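Please read it with the sequence and the structure at hand.

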Amino acid sequence: MTSLVPTYKNLDFYPNVSASTKRYETLLTKFSEKFQKSHLFLARAPGRVNLIGDHIDYVFFSSLPMAIEADVVAAVGIRDDNVVNVVNTDGKYGPATFSLPKDSLLAIGKGEFHWTNYVKCGFLVAAKFLHEHHKKSYHEIKGVDVIYDGTVPTGGGLSSSAAISVCSALLFLRANGIEEITKLDLTAITVVSEHYLGVNTGGMDQCASIYGEFGKALLVHYQPQIYGEIFTFPVVKPDDMVLLISNTLVEANKFETAPVNYNLRVVEFAIAAELLAKRTGLKLEENSNLDCGTFRGFMDTYCETKLGWKKWDGHDIDQAIKMFNKMLELTEELYSEDERSGFSTELAASELGLSVDDFTKRYLTKFQVKYDKLKLYIRTKHVYSEALNVFRVLKLLSSEPTPTFLNDLGSIINDSQYCLQNLVNNSTQEIETVCKVALANGSYGSRVTGAGFGGSVVHVTDAGKVEGLKKALIEQYYEVKFPGITKEILDTALVITKPSAGASIVEI
Ligand code: GLA
């Protein structure tokens, strides 16, 4: 819990040191050409892939992500004034210059989207931390010259946004004198960064980007505080299991579609958790991002007060499985057939004993959302099923390995995809095609990873099957959907991934 964000003096933490060395040399040359001085240090933060447990972090249920090798690296120079110059090595992403305000927080433009908004989010949360925890007044905070180089695909569902904002927060803290920071603090600071852009994210991405360790799996806990627990995959033949990521190359823009996709799910989950509480006569702690009750809060309260079960510590696997199954049973009991297709605003408000005005104030004003019906029943089923899927995987990992390990894991991964497709509705035709082709050609289990609505699919396969799987995806998905697609694009779209090192400062 108290481990520090590392500072590396070389690039040995990358699997391919020589390619990384070239990349860093090019970046540093660009820095000195652009700013006519040498950099002082670098900061980096990786993207992530989530093996299982999506759309449950913002209701405080654990997920199993890992940091990936693709990352955002920034070379930094510190300025004496409050000016910030931001450049990207990729000309597609234009530069920006702005001044840090002397007496208030950085304003992030709500108008047209610019990639540097993620930089600003990172700076903003870091500046708040400097002010609130290190008593720095805003006029003392220094600006930076910084050049970014990113390899996490934008909109690929692999958390390019978290990589930029974590990297930005880290470099900004370091530039302003914070030489040591715990992973716990950096996670706590950055989990809210994207909220300033109007996306009500849950924290899994930032936590994975910070806690990732080479070759290790990660279990993210959200209560009582968000942190990553590192463990080793106890697989039968460890070299045999291969995780392949395939980017559908259909961008998932969490920011632009938030009112009908991501933020709407957050709102529906809050309403649904409070409806369960209302129907069982319970009052929930209002500790979610929306200041409402959560599904975790409901489950804990119900099992303790109504069933007299001992308090769950968030770790006990058997107890978790028992509790999630109980919640799934209860969901069937508490929703009538008619309600399963969805609730109008009026119906949801009256079922919660609220006027439409009060309902709107409570759930619909903090983040803008748009919907025809609130799908409370299927969202509830998703959360408890997907939280159960995570603990089914943990149970499998903690049991004696068997020859059917990959089939067993794959089948839970497929159950998770079923939930995402049918209960969260974050799938796309492209995701479904990729899963179908993969399952027929060597994948044990395939699921969309992260927020969905586009982006990437993660496949569980083995060393003997991975080449055939890639070939089938190329022939039956990529070359059909994108005729003439180049080898270069395919190489970045289909990536074998291993758990990689989390965020760090690099001094070279
Ligand atoms: C995005 C969010 C995360 C999480 C996932 C879905 O990546 O940033 O907080 O909610 O979607 O699991």
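The model is predicted. It holds 4 cavities of 30 Å³ or more, and its largest nonpolar core has 145 residues. The number of disulfides is 0.

**Largest cavity**

- The volume of the largest cavity is about 80 Å³.
- Its lining is made up of 11 residues, and those nearest the centre are L100, P101, L106, A127 and Y138.
- Helix α2, which spans residues 116–134, gives the most to this lining, with 3 residues.
- Sorted by class, the lining of the largest cavity comprises 10 nonpolar residues and 1 polar residue, with no charged residues.

**Second largest cavity**

- Helix α3 (residues 160–175) supplies the largest share of the lining of the second largest cavity, namely 3 residues.
- By class, this second lining has 7 nonpolar, 1 polar and 3 charged residues.

**Nonpolar cores**

- In soluble globular proteins, nonpolar side chains tend to be buried together.
- Within the largest nonpolar core, of 145 residues, F61, Y148 and L171 have the most contacts.
- Helix α11 (residues 376–398) contributes the largest share of this core, with 13 residues.
- Beyond its neighbours within four places in sequence, L171 is in contact with F41, A43, A74, V76, F123, V144, V146 and Y148. Y148, one of these partners, is itself named among the residues with the most contacts inside the largest core.
- A second, separate core has 21 residues, among them V434, A472, I485 and A493.

**Cysteines**

**Loop residue T201**

- T201 is located in the loop between α4 (183–190) and α5 (204–211).
- Is T201 buried or exposed? With a relative accessible area of 4%, T201 is buried, because the cut-off for this class is under 20%.
- When residues up to four places away in sequence are not counted, T201 touches V191, E194, H195, K254, Y262 and N289.

**Loop residue Y93**

- Y93 belongs to the loop between β4 (83–88) and β5 (96–99).
- The relative accessible area of Y93 is 23%, so this residue is partly exposed; that class lies between the limits of 20% and 50%.
- Which residues does Y93 contact, leaving aside its neighbours within four places in sequence? The contacts of Y93 are with N88, W115 and T154.
- Between Y93 and D145 the C-alpha to C-alpha distance is 16 Å, and the two residues are 52 residues apart in sequence.

Definitions and conventions
Residues are numbered from 1 along each chain as its sequence is written. This is a predicted model: local features need pLDDT of at least 70, side-chain atom pairs count only at pLDDT 80 or more; totals for chains, interfaces and linings use all residues. Side-chain values use heavy atoms; hydrogens and water are left out. On a 1 Å grid over the protein atoms alone, a cavity is a set of points where a 1.4 Å probe fits but cannot get out, and a pocket is an open set with protein on both sides within 12 Å along at least five of seven lines; lining residues have an atom within 4 Å of a point. Grid points are joined across faces, edges and corners, and a volume is the space filled by probe spheres set on the points. Helices (H or I, at least four residues) and strands (E, at least two) are DSSP runs, numbered from the N terminus. Ala, Val, Leu, Ile, Met, Phe, Trp, Tyr, Cys and Pro count as nonpolar, Asp, Glu, Lys and Arg as charged, and the others, Gly among them, as polar. A nonpolar core is a set of buried Ala, Val, Leu, Ile, Met, Phe, Trp, Tyr and Cys residues joined through side-chain atoms within 4.5 Å. Buried means under 20% relative accessible area, exposed over 50%, partly exposed in between (1.4 Å probe, protein chains only). Contact means heavy atoms within 4.5 Å. A disulfide is a pair of cysteine sulfur atoms within 2.5 Å.
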